[in-house]
Amino acid sequence: MKPDLFEAPDYYAIDDLLTEEHKLVRNTARTWVKRNLSPIIEEYAQKSEFPTQLVKGLAEVGAFGSYIPTEYGGAGLDQISYGLIMQEMERGDSGIRSTASVQTSLVMGPIYNYGSEEQRKKYLPKLASGEWIGSFGLTEPNHGSNPGGMETKFKDMGDHYLLNGAKMWISNSPICDVAVVWAKNEEGRIHGLIVERGMEGFSTPETKNKWSLRASITGELIFDNVKVPKENLLPNKSGLGAPLKCLDHARYGISWGAIGAAMDCYDTALRYAKERTQFGKPIAQFQLQQKKLAEMITEITKAQLLVWRLGVLKNEGKATSAQISMAKRNNVDMALNIAREARQILGAMGISGDYSIMRHSMNLESVVTYEGTHDIHLLITGLDITGLNAFK
Ligand code: TGC
Ligand code: FAD
């Protein structure tokens with residue numbers, strides 16, 4: 001892998017919209033990525049392994065529990081700082097941002113928002129410090145876009161719950177210490193349960209053979225008559241809206257993260273195009289290459305403004321789920337298109353692991369699928385603007 005020469009594009013002086021704290025948080029994460037992530041990420045993606053040695057550093061830069069209050073070990077930051085951290089992590093690799101998203105929004109988030117005080121105290125500090133890794137089990141073999149149909153269920157046995165079922169495509173499942181699992185009770189109502197590694201009947205086999213998100217570990221969560229203590233049920237919210245609300249926070253983070261991947265592809269392509277000479281001049285001088293680069297910076301700038309405004313709305317508690325869907329869909333699509341165009345600018349070099357573009361491109365195929373596919377988010381916007389529900 002080439003040295004990390006990344007320079008972040010800021011065509012509309014968006015830095016002027018950020019506070020000193022935002023810039024400090026962003027720059028700390030950026031420096032951490034350059035020093036710790038960039039030098040090793042290609043090797044780990046090639047060998048399809050999660051770099052566990054980064055977990056402690058992720059915790060130190062506030063990537064675990066960015067907006068969770070400090071009394072529970074979180075960083076107590078606002079939503080724009082959270083977004084900026086996700087942007088910087090995904091600038092390095094979508095798989096590393098995935099780990100941070102899941103830990104913050106899908107594991108610490110539900111425990112903080114729906115958990116008892118005892119659960120908050122027991123789990124949040126250990127998750128914030130990276131001592132424990134969490135996973136989030138919603139998707140099942142037969143229920144991806146339609147999680148409301150889930151088959152995983154639990155039964156009240158008097159002094160404990162008995163959990164049966166299976167989740168698949170779960171980020172970090174093979175290395176997780178705790179899993180927030182969504183399952184139906186005997187009345188068919190969805191609840192969140194905290195399942196801990198070591199509980200009898202709980203296993204987490206790894207899903208191999210991925211061409212995407214290779215530096216992130218993915219697997220299943222299998223529950224075969226797992227006895228879950230009653231105090232592990234999240235008491236303060238139930239119904240499908242509970243996991244979907246967690247997804248709002250994670251999707252918001254992804255809408256920032258995708259900009260990071262896009263910026264890295266654009267920056268790499270711009271530098272390469274200015275250095276690479278064909279027909280006696282830098283390829284950046286050809287109109288066709290300028291068109292690609294000009295369109296990339298235009299799309300990145302639009303995406304930056306979209307998430308900045310969304311972050312302000314989120315800080316004010318006003319961002320709607322549909323607004324978040326629009327940003328996730330637009331920004332991931334934008335990043336995928338930029339990765340494809342940037343790869344072409346590098347010619348054959350674009351497919352080499354000496355550059356980050358092909359890895360980003362492959363990673364983004366997962367990002368455009370998880371946390372709600374491209375099509376699902378379009379239908380959420382469609383429902384919001386027409387009032388007519390395509391899912392029913
Ligand atoms: P629907 O009937 O519309 O809604 C059921 C209840 O949920 C409420 N609701 C929401 N609440 C909060 N936030 C949202 N975004 C919400 N969307 C809906 C809704 O108001 C209703 O509440 P109530 O009180 O009336 O019961 O549900 P539906 O069954 O028709 O499905 C709607 C649909 C398709 C939009 C939804 O199910 C969906 O978003 N599907 C996509 C599934 C998904 O995103 N899965 C992600 C799995 S986790 C993951 O991918 C992690 S990867 C992380 C990483 O590695 O980075
Ligand atoms: P399906 O739902 O089967 O969809 C297949 C296609 O049909 C898609 O193109 C979809 O858009 C389309 N489609 C479905 N319904 C409709 C409709 N009503 N109208 C039009 N088109 C439709 N899940 C977790 O719970 N936790 C995790 O940590 C997690 N991590 C993941 C990590 C990776 C690397 C990946 C790839 C996935 C992960 N997922 C996780 C699962 C992810 O959320 C699902 O893959 C996603 O929600 C889509 O579900 P599916 O793959 O079953 O596709």
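Trainee: Which residue forms a salt bridge with Lys122, and how far apart are the closest N and O atoms?
Mentor: Lys122 pairs with Glu196 in a salt bridge, with 3.0 Å between the closest N and O atoms. The term requires a side-chain nitrogen of Lys or Arg within 4 Å of a carboxyl oxygen of Asp or Glu. This is a predicted model, in which local features need pLDDT of at least 70 and side-chain atom pairs count only at pLDDT 80 or more, while totals for chains, interfaces and linings use all residues. Residues are numbered from 1 along each chain as its sequence is written, chains are lettered from A and ligands numbered from 1 in the order in which they are written, and side-chain values use heavy atoms, with hydrogens and water left out.

Trainee: Into which domains is the chain divided?
Mentor: There is domain 1 (14-128), domain 2 (134-232) and domain 3 (241-386); the bounds come from an automatic or database domain assignment.

Trainee: How many salt bridges and polar contacts are there between domain 1 and domain 2?
Mentor: The count between domain 1 and domain 2 is 1 salt bridge. Residue pairs in polar contact between these domains number 7, both residues being at pLDDT 80 or more. A polar contact is a pair of N or O atoms within 3.5 Å; within protein, one must be able to donate a hydrogen and the other to accept it, and residues adjacent in sequence count only if both atoms are side-chain atoms.

Trainee: Which element gives the most to the side of domain 1 that touches domain 2?
Mentor: Helix H4 does, with 12 residues; helices are DSSP runs (H or I, at least four residues), numbered from the N terminus.

Trainee: How much area do domain 1 and domain 2 bury between them?
Mentor: They bury about 1,700 Å², 63% of it on carbon and sulfur atoms. Buried area is the accessible area (1.4 Å probe) that two parts lose on being put together, summed over both.

Trainee: Changing topic, which residues come nearest to ligand 1?
Mentor: Of the 26 residues around ligand 1 (a heavy atom within 4 Å), Ser98, Ser171, Asp248, Arg251 and Gly372 come nearest. A polar side-chain atom of Ser98 is 2.8 Å from an oxygen atom of the ligand. For the side chain of Lys392, an N or O atom lies 2.9 Å from an oxygen atom of ligand 1.

Trainee: And which residue does Arg30 meet in a salt bridge?
Mentor: Arg30 meets Glu88, at 2.9 Å from N to O. The pair links distant parts of the chain, with Arg30 in helix H1 and Glu88 in helix H3 (residues 79-92), 58 residues apart.

Conventions
Helices (H or I, at least four residues) and strands (E, at least two) are DSSP runs, numbered from the N terminus.
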